[in-house]
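Q: Before we look at the model together, could you take me through it feature by feature, giving the general idea each time and then the case at hand?

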Amino acid sequence: MAVNLDKVKIVVVGDSGVGKSSLVHLICHNEVIQNPSWTIGCSVDVKLHEYREGTPDERSFFLEFWDVGGSNNHRNSRSMFYTSVNGILLVHDLTNRKSLQNLRKWLTEVVRKSTNMPFSESENEYDPEQFAGCSPLPILVIGTKADLTEKVLNMPSSRSRAASLVDDCLADEINIDCHNTKYFAAGSSNAVKLSRFFDKVIKGYLSSQGTPGGSISSFLDRKKLTPQQRPFSPPARTKLLHAD
């Protein structure tokens, strides 16, 4: 029996080399990718998520992760990937402070292209007041290479910069090692934060479809999928390429 599922779009952005592709693979497949390749343009992977799991409103959704290449060479053309965005994963390397600082530019770039939110004339300018208390999209900040950063994480300056961005955007924050599945083990604080972020993304999507508060009671008899109704596997990871 074919079952049509709604899907939401989450863009994954950050500097080149921070581990976005490894992160997406870990989230979608619960396994470590051995030899990740550089992303040119954008790659898309998919995960099945149970919205409001364990409640009467539980419902299955496909989460599309659009892993956008971080090279500055494609900056002018990657805006095509920012349409119809429902959530943002901001990814930085915990051993690279510059990648954390650049998250503000990435956030501004995505929000400028995906919403009607007014911004200052400078395309790269980040103004905290434009985000404080009114983030237009759900955001999760993820720091990678946690296994290498015990000293970095203990530095007040590193903490304060991440905390500032998280507070401005009303976002949550997790730090992980993309080469260790335990960081997203079921029941762990990271897994809970990730699931909560996915629910926020879906709630925003449902609200945009005219379902106040994210309640799904008015939708046409769409319930949790039984094991027999589940797809055998989500769509395969797809690479979307573009040229300048």
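A: Let us begin with the largest pocket, which is lined by 19 residues, with I27, K47, F184, A191 and L194 lying nearest its centre. On a 1 Å grid over the protein atoms alone, a pocket is an open set of points where a 1.4 Å probe fits, with protein on both sides within 12 Å along at least five of seven lines, and lining residues have an atom within 4 Å of a point. The elements that give two or more residues to this lining are α1 (20-29), β2 (42-51) and α6 (189-208), and α6 gives the most, with 5 residues. Helices (H or I, at least four residues) and strands (E, at least two) are DSSP runs, numbered from the N terminus.

Q: What should I keep in mind about the model and its numbering?
A: This is a predicted model, in which local features need pLDDT of at least 70 and side-chain atom pairs count only at pLDDT 80 or more, while totals for chains, interfaces and linings use all residues. Residues are numbered from 1 along each chain as its sequence is written, and side-chain values use heavy atoms, with hydrogens and water left out.

Q: What volume does the largest pocket have, and how does its lining divide by class?
A: A volume is the space filled by probe spheres set on the grid points, which are joined across faces, edges and corners; for the largest pocket it is about 440 Å³. Ala, Val, Leu, Ile, Met, Phe, Trp, Tyr, Cys and Pro count as nonpolar, Asp, Glu, Lys and Arg as charged, and the others, Gly among them, as polar. By these classes the lining of the largest pocket has 11 nonpolar, 5 polar and 3 charged residues.

Q: Which residues lie closest to the centre of the second largest pocket?
A: The second largest pocket has a volume of about 380 Å³, and of the 24 residues that line it, G17, V18, G19, K20 and S21 are the closest to its centre. The elements that give two or more residues to its lining are α1 and β3 (59-68), with the largest share, 3 residues, coming from α1. Its lining divides into 6 nonpolar, 13 polar and 5 charged residues.

Q: Is α1 mostly covered or mostly open?
A: Buried means under 20% relative accessible area, calculated with a 1.4 Å probe on protein chains only, and 9 of the 10 residues of α1 are buried. What covers them includes β1 (7-13), β2, β3, β4 (87-93), β5 (139-144) and α6. After α1 comes N30, whose phi is positive, near 55°.

Q: How do β2 and β3 pair?
A: Two strands pair if DSSP finds at least two bridges between them; β2 and β3 do so in the antiparallel sense over 10 bridges, and C42 has V68 in β3 as its bridge partner. Because 8 of its 10 residues are buried, β2 is largely enclosed by the rest of the structure.

Q: Which residues have the most contacts inside the largest nonpolar core?
A: A nonpolar core is a set of buried Ala, Val, Leu, Ile, Met, Phe, Trp, Tyr and Cys residues joined through side-chain atoms within 4.5 Å. The largest has 31 residues, and those with the most contacts inside it are L23, I27, F65, L89, I176, F184 and F198. Its largest share, 7 residues, comes from α6. Contact means heavy atoms within 4.5 Å, and L23 touches V91, I142, I176, C178 and F184, not counting residues up to four places away in sequence.

How values were computed: Buried means under 20% relative accessible area, exposed over 50%, partly exposed in between (1.4 Å probe, protein chains only).
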